[in-house]
Amino acid sequence: MKLLYKINLILLIVLSLATGVFKILQQEADIELFKVLGMTASFTAGLGIMQVVGGVLLVFTQIRKYGALLMMATFVLATTAVFMNGMIVFGTVSLLFILMACWVYFVENRKSKQKQ
């Protein structure tokens, strides 16, 4: 189980950084995707910055759970935009990203409670 968790964590970090960078670089597909939520290109870039910050927070054990919380929030927003654009299959896959972040949060939260 520890190996699966580590793989999940690494994938989540890569996913967080990659999706964040695409938004910061103002990829047309991302800008169009978030327009349905009324988000401007600048707001989309801000979301990308939040995703990069979340990915960086995930690297450090002491603050990993906060990175996971941040990624849960950004993935919920992104998944909402995907579903609102009628992209049902991609939206369903995007739900897995939220679950990946949830897993990290719950594991890290449990670890921090055990240390107290």
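Predicted model: local features only at pLDDT ≥ 70, side-chain atom pairs only at ≥ 80, totals over all residues.
**Notebook: a look through the helices**

I started with the inside of H3, where Thr44, Ala45, Leu47, Gly48, Gln51, Gly54, Gly55 and Leu58 are buried.

**Entry: the surface side**

Is valine 59 buried, partly exposed or exposed? Valine 59 sits in helix H3, and I found it partly exposed, with a relative accessible area of 43%. Valine 59 also turned up in a nonpolar patch on the surface, along with Leu17, Val56, Phe60, Ile63, Tyr66 and Leu69. Together these residues have about 560 Å² of accessible area. Helix H3 (41–59) and helix H4 (64–84) are the elements that give two or more residues to the patch.

**Entry: H1**

Helix H1 runs over residues 2–24, which makes 23 residues. From first C-alpha to last, H1 reaches 33 Å, close to the 33 Å expected. I looked up its buried residues and noted Tyr5, Leu9, Leu12 and Gly20 among them. The cover over the buried residues of H1 includes helix H2 (28–35), H3, H4 and helix H5 (88–115). Just after H1, I spotted glutamine 26 with a positive phi of about 60 degrees.

**Entry: threonine 79**

I picked threonine 79, which is found in helix H4. Threonine 79 is buried because its relative accessible area is 4%, and the cut-off for buried is under 20%. Which residues does threonine 79 touch, leaving aside its neighbours within four places in sequence? I found Gly91, Ser94, Leu95 and Ile98. I also took the C-alpha separation from threonine 79 to methionine 50: 15 Å, with the two 29 residues apart along the chain.

**Entry: salt bridges**

How many salt bridges does the structure hold? I got 3.

One of them pairs glutamate 32 with lysine 35, the closest N and O atoms being 3.0 Å apart. Both lie in helix H2, 3 residues apart, about one turn of the helix. Reminder from class: an α-helix has 3.6 residues a turn, so residues three or four places apart point the same way. Glutamate 32 is partly exposed at 38% relative accessible area, and lysine 35 is partly exposed at 47%.

Then I went to arginine 64, which forms a salt bridge with glutamate 108 at 3.5 Å between the closest N and O atoms. Arginine 64 is in helix H4 and glutamate 108 in helix H5, so this pair ties together parts 44 residues apart in sequence. Arginine 64 counts as buried at 7% relative accessibility, and glutamate 108 counts as buried at 6%.

Glutamate 108 also meets the side chain of lysine 111 in a salt bridge (3.5 Å, N to O). Lysine 111 and glutamate 108 both lie in helix H5, 3 residues apart. Lysine 111 counts as partly exposed at 35% relative accessibility. Salt bridges that share partners join Arg64, Glu108 and Lys111 into one network.

Asparagine 109 lies in helix H5 and counts as buried at 14% relative accessibility. Its side chain makes a polar contact with the side chain of lysine 65, at 3.3 Å.

Cysteine 102 has its place in helix H5 and counts as buried at 17% relative accessibility. I noted 21 Å between the C-alpha atoms of cysteine 102 and valine 89, which are 13 residues apart along the chain.

Conventions:
Residues numbered from 1 in each chain as written. Heavy atoms only, no water. Patch = residues over 30% accessible without salt bridge, like charges linked within 9 Å, V, L, I, M, F, W, Y side chains within 5 Å. Areas by Shrake-Rupley, 256 points an atom, 1.4 Å probe, with all protein chains shown as cover. Salt bridge = Lys/Arg side-chain N within 4 Å of Asp/Glu carboxyl O. Helix = DSSP H or I, 4+ residues; strand = E, 2+ residues; numbered from the N terminus. Buried < 20%, exposed > 50% of the residue type's maximum accessible area, 1.4 Å probe, protein only. Expected span 1.5 Å × (residues − 1). Contact = heavy atoms within 4.5 Å. Polar contact = N/O pair within 3.5 Å; in protein donor to acceptor, adjacent residues only side chain to side chain.
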